[in-house]
Amino acid sequence: MSALSIRRRLLQFGLLQGCLYTGSPLTANHRRLRLQWAHQHRAWQAFWHQVAFSDESRFNLWDHDGRIRVRRHSGERCLLECDIERHSGTPNPSHAIFQQINDCPHVAKTVRDFFSTQHMQLLLWPAYSPDMSPIEPMWNLVGWRLARDPSSAASKHELFQHIQAIWNSLPQADFQNLFDTMPCRIAALIAARGGYTKY
């Protein structure tokens with residue numbers, strides 16, 4: 001039996017291959033703060049296009065990325081059986097609002113002081129909320145295209161150039177469409193009572 005026939009058989013049963021979802025554990029307080037944030041921003045409709053979203057992602061020079069693959073049905077991404085908890089060690093923006101991810105290196109005093117001296121308006125972000133960020137799917141797309149790039153990078157500099165070239169080639173319409181999902185993301189967060197959403 002070939003690998004192709006196995007994949008076809010799994011697809012017949014509706015099983016998709018994907019990375020094991022690494023979600024940070026949400027405490028009752030995390031859920032409360034995520035829900036509070038959603039209620040505060042659900043009427044923001046016109047403001048999301050003024051937000052400069054920030055995020056980070058990991059790319060490797062080698063094939064193995066340390067991700068665990070699982071088989072799951074569509075819609076089962078956040079089930080406990082398809083989830084592994086990830087614990088962290090510690091719990092041109094003019095005329096724009098800068099979305100600052102709520103992670104210790106990003107909210108350190110020196111960073112806050114820099115934003116203050118630059119008179120930048122910040123969009124406070126609830127902890128453990130990657131599902132609310134529309135930039136995450138763009139990083140996934142970059143990773144997908146990078147994995148299919150026949151020319152492999154031999155150094156970090158080349159890898160950075162490849163990533164930058166892919167990012168710059170992404171259609172602006174894709175970014176626009178993701179900005180447009182923000183009201184739906186917030187509605188899903190409210191429906192989930194602050195828990196994780198399908199995003």
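**Close-up views of a predicted model**

**View 1. Tyr-128 and Arg-193 carry positive phi values.** Tyr-128 is found in the loop between β7 and α4. Helices (H or I, at least four residues) and strands (E, at least two) are DSSP runs, numbered from the N terminus. This is a predicted model, in which local features need pLDDT of at least 70, side-chain atom pairs count only at pLDDT 80 or more, and totals for chains, interfaces and linings use all residues. Residues are numbered from 1 along each chain as its sequence is written, and side-chain values use heavy atoms, with hydrogens and water left out. The phi of Tyr-128 is near 55°, a positive value in a residue other than glycine. Arg-193 is not a glycine either, and its phi is positive at about 55°. Most residues other than glycine have a negative phi. Arg-193 sits in the segment after α7. Its relative accessibility is 67%, so Arg-193 counts as exposed. Exposed means over 50% relative accessible area, buried under 20%, and partly exposed in between (1.4 Å probe, protein chains only).

View 2. Along the sequence they follow the pattern α-β-β-α-β-β-β-β-α-β-α-α-α-α. The chain has 199 residues, and 29% of them count as buried.

**View 3. Helix α2 has a buried face.** Helix α2 covers residues 28-41, 14 residues in all. From first C-alpha to last it reaches 20 Å, close to the 20 Å expected at 1.5 Å a residue. The expected span is 1.5 Å times one less than the number of residues. Buried in α2 are His-30, Arg-34, Trp-37, Ala-38 and His-41. Seen down the axis of α2, these residues fall within an arc of 100°, so they line one face of the helix. The arc is that of the directions from the helix axis to the C-beta atoms. The face turned away from the buried side of α2 carries the exposed residues Ala-28 and Gln-40. What covers the buried residues of α2 includes β7 (121-123) and α7 (182-191).

**View 4. Trp-37 and Ile-186 touch each other.** Trp-37 lies in helix α2, and Ile-186 in helix α7. Trp-37 is buried, with a relative accessible area of 5%. Ile-186 is also buried, at 2% relative accessibility. Contact here means heavy atoms within 4.5 Å. Not counting residues up to four places away in sequence, Trp-37 touches Trp-48, Leu-123, Leu-124, Trp-125, Pro-126, Met-132, Met-182, Ile-186 and Leu-189. With neighbours within four places left aside, the contacts of Ile-186 are Trp-37, Ala-38, His-41, Arg-42, Trp-48 and Met-132. Ile-186 and Met-132 are 54 residues apart in sequence, yet their C-alpha atoms are 7.3 Å apart in space.

View 5. Asp-131 is placed in the loop between β7 and α4. Leaving aside neighbours within four places in sequence, Asp-131 is in contact with Arg-34, Arg-185, Gly-195, Tyr-196, Thr-197 and Tyr-199.

**View 6. The buried residues of α5 pack against α4.** Helix α5 (residues 156-169) has 14 residues. At 1.5 Å a residue it should span 20 Å, and its end C-alpha atoms are 20 Å apart, which agrees. Leu-159, Ile-163 and Ile-166 are the buried residues of α5. They cover an arc of only 65° around the axis, which puts them on the same side of α5. Exposed residues His-157 and Asn-168 are carried on the face turned away from that buried side.

**View 7. Helices α4 and α6 pack together.** Helix α4 (residues 136-147) meets helix α6 (residues 172-179) at an angle of about 145°, with the axes 10 Å apart. Axes are lines fitted to C-alpha atoms, for helices over the stretch in contact, and angles run from 0 to 180 degrees between N-to-C directions. Pro-137, Met-138 and Leu-141 of α4 make the contact with Asp-174, Phe-175 and Leu-178 of α6. These residues divide into 5 nonpolar, no polar and 1 charged. Ala, Val, Leu, Ile, Met, Phe, Trp, Tyr, Cys and Pro count as nonpolar, Asp, Glu, Lys and Arg as charged, and the others, Gly among them, as polar.
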